[in-house]
Amino acid sequence: MRDKLTTLAKAIISLGLIAWIFHRVDAAEVGQMLASANVWYLLLALMLYIGAIALNAVKWQVLLRAQGVRVPLRALLSYTFVGVFFNNFLPANVGGDVMRGYGLSRYTTRLTDAAVSVIVDRVVGLIAYMSAAVVAAIVVVNTVGNSQDLQAVEYVAFLSLAAIAGGFGVLLSRRLRAWIGRLFQWRWLTPLAPVYGRVSDAFGAYRFRYRALALAFLIALGGLMLTNLVNWLLAESIGGGIPLLYICLFNPLIALVLLVPISIGGIGVNQNVYPFFFGLLGIPHGLALAVSLLMQALILVSGLPGGILWWRLRSAEVPAGSPMAPGRAQ
């Protein structure tokens, strides 16, 4: 019942945000832009976006190997696409990251390590995204404009990077993890102490894996650049007008905002944050909205292979209790 109410609330929020943004733009103009989209640009954008998803699987494999967990890249590609499918089509029930973590139960009994690898994968990706946003913000503020709004964007990028990197540093610090572990001596938290111990040990495995973390960071940057190019191609497909530098600044911030799970698959939120951010640099809201709609369509299309893979995986023999087992995670 709670899941149904959550899904209903998200659907209402998505519809409300879509209605709000279309109330503020010329819908006919946006429709003309979408109708004029160059198909070849769209296909190239789709190929690059799928390439970015594949890079995420490579990054995940690097982080798993740092823990000594060996999983074939082909399997990680499958689970990564399954995660994309769940994130965009079934967000209210089971998140894509959860499905990725449980999917590894086919290859390892170290489920805590697998779950932590998904978290570290996400955190390293965010650090890469915010690092790029900080660099782009510095360039934009010093070359394009120095308004209070852009300065605020610059501060947000700095603070986000500091918060995420600082939090990750805490998780890697043996001393701080031990200090947090003392909280589980409190009798109400004592039953959770073994779980915290396993999670703490799993994070500790990355403590001196600087090479693997640096490589994962660089791969994440590569994936980000691909998605930047995807957004630029989508804009070019309807006539252009959004410089790549602007996209390098706002694309990571949009990705950060979309992590807030208040709508279904980011629908509605995505369509409002594009006009908001790009409007700060004078991009017409209608153009930004059209790009966001194309991006939403591309995300949904790229998630379809994950649905097919999930259907094939759940039909195969899987360990009992896995959410991929028949009759689960529906």
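## Briefing: cores, pocket and helices

Ile 247 touches Asn 228, Asn 231, Trp 232, Ile 242, Pro 252 and Phe 278, leaving out residues up to four places away in sequence; contact here means heavy atoms within 4.5 Å. The model is predicted, so local features need pLDDT of at least 70 and side-chain atom pairs count only at pLDDT 80 or more, while totals for chains, interfaces and linings use all residues. Residues are numbered from 1 along each chain as its sequence is written, and side-chain values use heavy atoms, with hydrogens and water left out.

**Ile 247**
- Ile 247 is found in helix H11; helices (H or I, at least four residues) are DSSP runs numbered from the N terminus.
- Ile 247 is buried, with a relative accessible area of 1%.
- Buried means under 20% relative accessible area, exposed over 50%, and partly exposed in between (1.4 Å probe, protein chains only).
- Ile 247 and Ala 133 are 114 residues apart in sequence, yet 9.6 Å apart in space, C-alpha to C-alpha.

**Nonpolar cores**
- A nonpolar core is a set of buried Ala, Val, Leu, Ile, Met, Phe, Trp, Tyr and Cys residues joined through side-chain atoms within 4.5 Å.
- The largest has 71 residues, of which Val 120, Ile 242, Phe 250, Leu 253 and Phe 278 touch the most other members.
- Helix H6 (residues 111-143) gives this core its largest share, 14 residues.
- A second, separate core of 17 residues includes Trp 60, Met 99, Ala 114 and Trp 310.
- Phe 250 touches Leu 150, Val 153, Phe 277, Phe 278, Leu 280 and Leu 281, not counting residues up to four places away in sequence.

**Helix H6 residues**
- Asp 121 lies in H6 and counts as buried at 3% relative accessibility.
- Leaving aside neighbours within four places in sequence, Asp 121 is in contact with Asn 56, Lys 59, Trp 60, Leu 63 and Arg 100.
- Val 118 also has its place in H6 and is buried, at 4% relative accessibility.
- Beyond four places in sequence, Val 118 touches Trp 60, Asp 97, Arg 100 and Gly 101.
- Val 118 and Asp 97 are 21 residues apart in sequence and 6.5 Å apart in space, C-alpha to C-alpha.

- The 28 residues of H3 should span 40 Å at 1.5 Å a residue, and the end C-alpha atoms are 41 Å apart, which agrees.
- The expected span is 1.5 Å times one less than the number of residues in the helix.
- Buried residues of H3 include Tyr 49, Lys 59, Trp 60 and Gln 61.
- Their cover includes H4, H5, H6, H10 and H13.
- H12 is mostly covered, with nine of its 11 residues buried.
- Among those buried in H12 are Asn 270, Gln 271, Asn 272, Phe 277 and Phe 278.

**Largest pocket**
- Of the 41 residues lining the largest pocket, Tyr 49, Asn 87, Arg 122, Ala 255 and Leu 259 are the closest to its centre.
- A pocket is an open set of points on a 1 Å grid over the protein atoms alone where a 1.4 Å probe fits, with protein on both sides within 12 Å along at least five of seven lines; lining residues have an atom within 4 Å of a point.
- Helices that each supply at least two lining residues include H3 (39-66), H4 (73-89), H10 (210-237) and H13 (285-315).

**Thr 190**
- Thr 190 lies in the loop between helix H8 (174-181) and helix H9 (193-204).
- Thr 190 is partly exposed, with a relative accessible area of 39%.
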